[in-house]
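Here are my notes on the model you sent. Please read them with the structure open.

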Amino acid sequence: MRNTKQKELIFNIVSNSFDHLSADKIYLKARKVLSNISLGTVYRNLNQLVEEGKIKKIKMNDKDCFDNLKEKHNHFICKKCQKIIDVKDKIDLSHKIENNLIVDYEINFIGICEDCLNKEEKYGNGRKTSL
C-alpha cells in the first residue's frame, strides 16, 4: 500500500496519542490539519495501518479504538465507563502451546476500573459490583 499524506497524518495521530482513540476522535484531530479529509478515508487508512501491523485495533462493544505499537502491552477495559488502561506487565508466551508456536498475543482484561469502583462505593450505599 502506498503512503499518502492522509495515511501519514492518521498514523502520526495514533502514534503520538497517549489515549486510545476511536476513529471519530482521530477524524476530528485529522480535520484540524486536513479540512477536506473524510471519515471514510480515516476508517480505510486505520484498517490498512492495522493490517500492516503499524497500529493496534482494540475491539470494544460499541466502537473500536486504536493504539500505537511503541512497546508491547496489554489492556484493561472497564465494563462500566469503557476506559482503556495500558497494562505493562511482562507476560512471556514465547513458547509452544499444544505444539503450536506462538508468534504474538493480545490480552484484554475486562473488569471495573478504580474510578468506577470508587464512585460506586461513594454513591452506591455500600453495594458491591457484581462481575
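1. In which sense do strand β4 and β8 pair, and over how many bridges? Keep in mind that this is a predicted model. Strand β4 (residues 74-78) pairs with β8 in the parallel sense. Four bridges join the two. Look at Ile 77: its bridge partner in β8 is Ile 110.

2. Now the sheet around this pair. It is open and has three strands, in the order β5-β4-β8. The pairing is mixed. β5 (84-87) and β8 (108-111) are the edge strands. Each has a single partner strand, so one side of each lacks a neighbour in the sheet. From one strand to the next, the twist averages 25 degrees.

3. Next, the helix packing. Helix α1 (residues 5-15) packs with helix α3 (residues 39-51) at an angle of about 70 degrees. Their axes are 9 Å apart. Angles of 65 to 115 degrees count as roughly perpendicular, and α1 and α3 therefore fall in that class.

4. Who makes this contact? From α1 come Gln 6, Lys 7, Ile 10, Phe 11 and Val 14. α3 supplies Thr 41, Val 42, Asn 45, Leu 46, Gln 48 and Leu 49. By class, the contact has six nonpolar, four polar and one charged residues.

5. Finally, the whole protein. The secondary structure comes to four helices and eight strands. From the N terminus, the elements run α-β-α-α-β-β-β-β-β-β-β-α. Of the 131 residues, 34% are buried. The accessible surface is about 9300 Å², with 49% belonging to carbon and sulfur atoms. Among contacts with a separation of 6 or more, 49% involve residues 24 or more positions apart.

Key. Residues are numbered from 1 along each chain as its sequence is written. This is a predicted model: local features need pLDDT of at least 70, side-chain atom pairs count only at pLDDT 80 or more; totals for chains, interfaces and linings use all residues. Side-chain values use heavy atoms; hydrogens and water are left out. Axes are lines fitted to C-alpha atoms, for helices over the stretch in contact, and angles run from 0 to 180 degrees between N-to-C directions. Angles under 35 degrees count as roughly parallel, over 145 as roughly antiparallel, 65 to 115 as roughly perpendicular and the rest as oblique. Contact means heavy atoms within 4.5 Å. Ala, Val, Leu, Ile, Met, Phe, Trp, Tyr, Cys and Pro count as nonpolar, Asp, Glu, Lys and Arg as charged, and the others, Gly among them, as polar. Buried means under 20% relative accessible area, exposed over 50%, partly exposed in between (1.4 Å probe, protein chains only). Accessible areas come from the Shrake-Rupley method with a 1.4 Å probe; for residues, only the protein chains shown count as cover. Two strands pair if DSSP finds at least two bridges between them.
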